[in-house]
Each structure stands twice: as structure tokens, then as C-alpha cells.
Amino acid sequence: MNPPIKRRIVIDLTTIGIFWLLFIGFVLIGEGKYDENIGSIIDLSLMFFTARLVQLVAVMNPMVQELVAFIKNRGNSETKD
């Protein structure tokens, strides 16, 4: 699934907004029995969005695309020898 860039922006911003609301709720509620669970969700969401950012940069940057193509071609040429 590869939605158009405008739709991806809406999806990502909505998800980021949800996680910010979760974080604000975490800060306002303070101590509670769900602190560890909420902290884990926030950590996982940050890792997810970091990975998405790296993926977006890799897809949009022609230099990275050329590097990936070079590595693929190099791997294919070594198996033919």
C-alpha cells in the first residue's frame, strides 16, 4: 500500500496528534498504574516515526536511491562470477 503524499501527510499528522494527546494525558495524569504502559507506547511510537522519517528521506533522496541500486547491482555481479 502506497497512498499519495497528501494522504500520507494527513495520516501521519493525525497519528502524531494522537500520540501528542496521549503524551499530554500522561503528563497531566501523573502517577498511576498505567505509567509504564503509556511510556512504552510513547517510546514505540517515537521509534516508528523515526523509522518512517528515515524511510521518507531514503525514498525522496536520489543519492540514496542510487546507492541502493549500486549495492543491488554489485550483489548481482558477484553472484554471476
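1. In this note, helices (H or I, at least four residues) and strands (E, at least two) are DSSP runs, numbered from the N terminus. On that basis the protein chain has three helices and zero strands, and its pattern, followed along the sequence, is α-α-α.

2. The structure is a predicted model, in which local features need pLDDT of at least 70 and side-chain atom pairs count only at pLDDT 80 or more, whereas totals for chains, interfaces and linings use all residues. Residues are numbered from 1 along each chain as its sequence is written, and side-chain values use heavy atoms, with hydrogens and water left out.

3. Of the 81 residues in the protein chain, 9% are buried, where buried means under 20% relative accessible area, exposed means over 50%, and partly exposed covers what lies in between (1.4 Å probe, protein chains only). The accessible surface of the protein chain is about 7200 Å², and carbon and sulfur atoms account for 69% of that surface; accessible areas come from the Shrake-Rupley method with a 1.4 Å probe, and for residues only the protein chains shown count as cover.

4. A nonpolar patch on the surface is formed by Ile5, Ile9, Leu13, Ile16, Trp20, Phe23, Ile24, Val27, Leu28, Leu56, Val59 and Met60, which together have about 1200 Å² of accessible area. Patches are made of residues with over 30% relative accessible area and no salt bridge, like charges being joined within 9 Å and nonpolar side chains (Val, Leu, Ile, Met, Phe, Trp, Tyr) within 5 Å. Helices H1 and H2 (35-60) each supply at least two residues of the nonpolar patch, and H1 gives the most, with nine residues. Val59, one of the patch residues, lies in helix H2 and is partly exposed, with a relative accessible area of 49%.

5. One salt bridge is found in a search of the whole structure, the term standing for a side-chain nitrogen of Lys or Arg within 4 Å of a carboxyl oxygen of Asp or Glu. In this salt bridge the side chains of Asp12 and Arg52 meet at 3.5 Å, N to O. The pair links distant parts of the chain, with Asp12 in helix H1 and Arg52 in helix H2, 40 residues apart. Arg52 is partly exposed, its relative accessible area being 22%.

6. Gly25 belongs to helix H1 (residues 5-29) and is partly exposed, with a relative accessible area of 22%. Gly25 and Ile38 are 13 residues apart in sequence, while their C-alpha to C-alpha separation in space is 9.5 Å.
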